[in-house]
Amino acid sequence: MKILIVEDETQLARSISEYLSEESYLCEAANTFSEAMNKIEMFHYDCILLDIMLPDGNGLKILEEIKKQHKQDGVIIISAKNALDDKINGLKLGADDYLTKPFHLSELMARIYSIIRRKQFSSSNTIKQNELQIDLLAKKVSVHEENICLTKKEFDLLIYFIGNKNKVISKSTLAEHLSGDFADMLDNHDFVYAHVKNLKKKLYDAGCGHYLKTMYGTGYKWET
């Protein structure tokens with residue numbers, strides 16, 4: 001899952017990034033209004049942590065742009081300002097949640113998880129598709145009630161595919177999802193092929209149906 005941290009307090013942004021990275025989230029940061037706007041225009045995020053007060057602009061303007069572009073990124077406003085008007089305005093503009101500084105990182109993670117779960121998996125902690133079962137909280141995958149061992153990247157790919165079921169996802173999109181800003185620096189997408197190949201093998205060897213399809217020349221699709 002990919003998170004954008006829009007926060008000009010570099011120490012706070014670093015602390016959030018380190019904490020969420022330990023929980024297998026891929027984190028990117030934007031310290032200014034203009035940098036955040038560029039990233040949001042170029043990339044998709046599962047959740048955006050959005051500070052209101054930025055050195056070169058107002059975070060609510062970023063939220064307005066997200067909604068204007070009809071992007072489905074989850075948004076949590078984080079701000080030191082505890083004014084009721086800011087909270088109401090942010091929620092009216094389409095923010096999913098609001099968190100006032102200072103906050104516990106564990107609470108922030110719980111809020112992020114809740115938004116992603118609600119948007120992608122109908123608020124369920126468990127995903128089931130015939131013989132395949134995924135426990136989102138425990139990050140466990142089982143086929144025919146037998147656990148299979150996936151790497152962090154493989155688990156992330158599996159959740160991303162299922163969260164975008166019946167959609168063709170290009171290799172470049174998967175590269176961006178797995179590597180974030182570094183995707184543009186890669187010469188090719190061989191690492192995407194390798195991760196998908198390993199994920200397929202582990203699922204199929206365990207007796208899982210062939211839900212993950214290779215769409216030659218375009219990418220991959222998870223079929224239900």
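Visitor: Which residues in H6 and H8 meet?

Guide: This is a predicted model, and the two helices in question are H6, residues 152-163, and H8, residues 190-205. On the side of H8, the residues are His-195, Val-196, Asn-198, Leu-199, Lys-202 and Leu-203. They meet, on the side of H6, Lys-153, Glu-154, Leu-157, Leu-158 and Phe-161.

Visitor: How do the residues of the contact of H6 with H8 divide by class?

Guide: Leu-157 and Leu-158 of H6 and Val-196 of H8 are among the residues that meet, and leucine and valine count as nonpolar. Over the contact of H6 with H8, the division is six nonpolar, two polar and three charged.

Visitor: How are H2 and H3 oriented to each other?

Guide: H2 covers residues 33-42 and H3 residues 59-68; their axes come within 10 Å and cross at roughly 15 degrees. The crossing is right-handed. Since angles under 35 degrees count as roughly parallel, the orientation of H2 and H3 is therefore roughly parallel.

Visitor: Which residues of H2 and H3 make the contact?

Guide: The residues of this contact divide into six nonpolar, no polar and two charged. From H3 come Lys-61, Ile-62, Glu-65 and Ile-66, and from H2 come Phe-33, Ala-36, Met-37 and Ile-40.

Visitor: Which element gives the most to the lining of the largest pocket?

Guide: The largest pocket holds about 530 Å³ of space and is lined by 23 residues, with Glu-23, Leu-136, Leu-137, Lys-139 and Phe-155 nearest its centre. Two or more lining residues come from each of H5, S10, S11 and H6. By class, the lining comprises 14 nonpolar, three polar and six charged residues. The element that gives the most, with five residues, is H5.

Visitor: Which element gives the most to the lining of the second largest pocket?

Guide: This pocket has a volume of about 290 Å³, and of its 15 lining residues, His-44, Gln-72, Asp-73, Lys-119 and Gln-120 lie nearest the centre. The elements giving two or more residues to this lining are H5 and H6. The lining has four nonpolar, six polar and five charged residues. With four residues, the element that gives the most is H5.

Terms used
Residues numbered from 1 in each chain as written. Predicted model: local features only at pLDDT ≥ 70, side-chain atom pairs only at ≥ 80, totals over all residues. Heavy atoms only, no water. 1 Å grid on protein atoms, 1.4 Å probe; cavity = no way out; pocket = protein on both sides within 12 Å on 5 of 7 lines; lining within 4 Å. Points joined across faces, edges and corners; volume = space filled by probe spheres on them. Axes fitted to C-alpha atoms, helices over the stretch in contact; angles between N-to-C directions. Parallel < 35°, antiparallel > 145°, perpendicular 65-115°, else oblique. Left-handed = near helix turned anticlockwise from the far one by under 90°. Contact = heavy atoms within 4.5 Å.
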